[in-house]
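Please look over the sequence and the structure below before reading on.

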Amino acid sequence: MASQCPGQDPRKITISVHPCPNCGYAVEFFSDEIRVKCPSCKTYVTKERLPTCIEWCKAARECIGEERWKALMEQMDKKD
């Protein structure tokens, strides 16, 4: 039986909008995308800070375990 991350379920994908650094156009990102080409000026746009799945996925605690999830979240809080 193949295991698939529950966060990869296409029914749970979210959309966010980030400005193009070149022209300011509002570029839409799906939660599973890292970079997108701006429809206006064709520049590649990346999210400001690339989130890890443990930050946005509701199943992260189940996937990696409660202790490891807490430790990783604490590390990320220290970096911000």
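## Fold

The chain holds three helices and four strands, where helices (H or I, at least four residues) and strands (E, at least two) are DSSP runs numbered from the N terminus. Along the sequence these elements follow the pattern β-β-β-β-α-α-α.

This is a predicted model, in which local features need pLDDT of at least 70 and side-chain atom pairs count only at pLDDT 80 or more, while totals for chains, interfaces and linings use all residues. Residues are numbered from 1 along each chain as its sequence is written, and side-chain values use heavy atoms, with hydrogens and water left out.

## Burial, surface and contacts

Of the 80 residues in the chain, 20% are buried (buried means under 20% relative accessible area, exposed over 50%, and partly exposed in between, with a 1.4 Å probe and protein chains only). The chain exposes about 6500 Å², and carbon and sulfur atoms supply 52% of that area, as computed by the Shrake-Rupley method with a 1.4 Å probe; for residues, only the protein chains shown count as cover.

Among contacts (heavy atoms within 4.5 Å) with a separation of 6 or more, 17% join residues 24 or more positions apart.

## Cysteines

A search of the whole structure finds zero disulfides, a disulfide being a pair of cysteine sulfur atoms within 2.5 Å. Cys 38 is in no disulfide, and its nearest cysteine sulfur, that of Cys 23, lies 3.7 Å away; Cys 38 is buried, with a relative accessible area of 0%. Cys 41 is likewise in no disulfide, with the nearest cysteine sulfur, that of Cys 20, 3.6 Å away, and Cys 41 is partly exposed at a relative accessible area of 26%.
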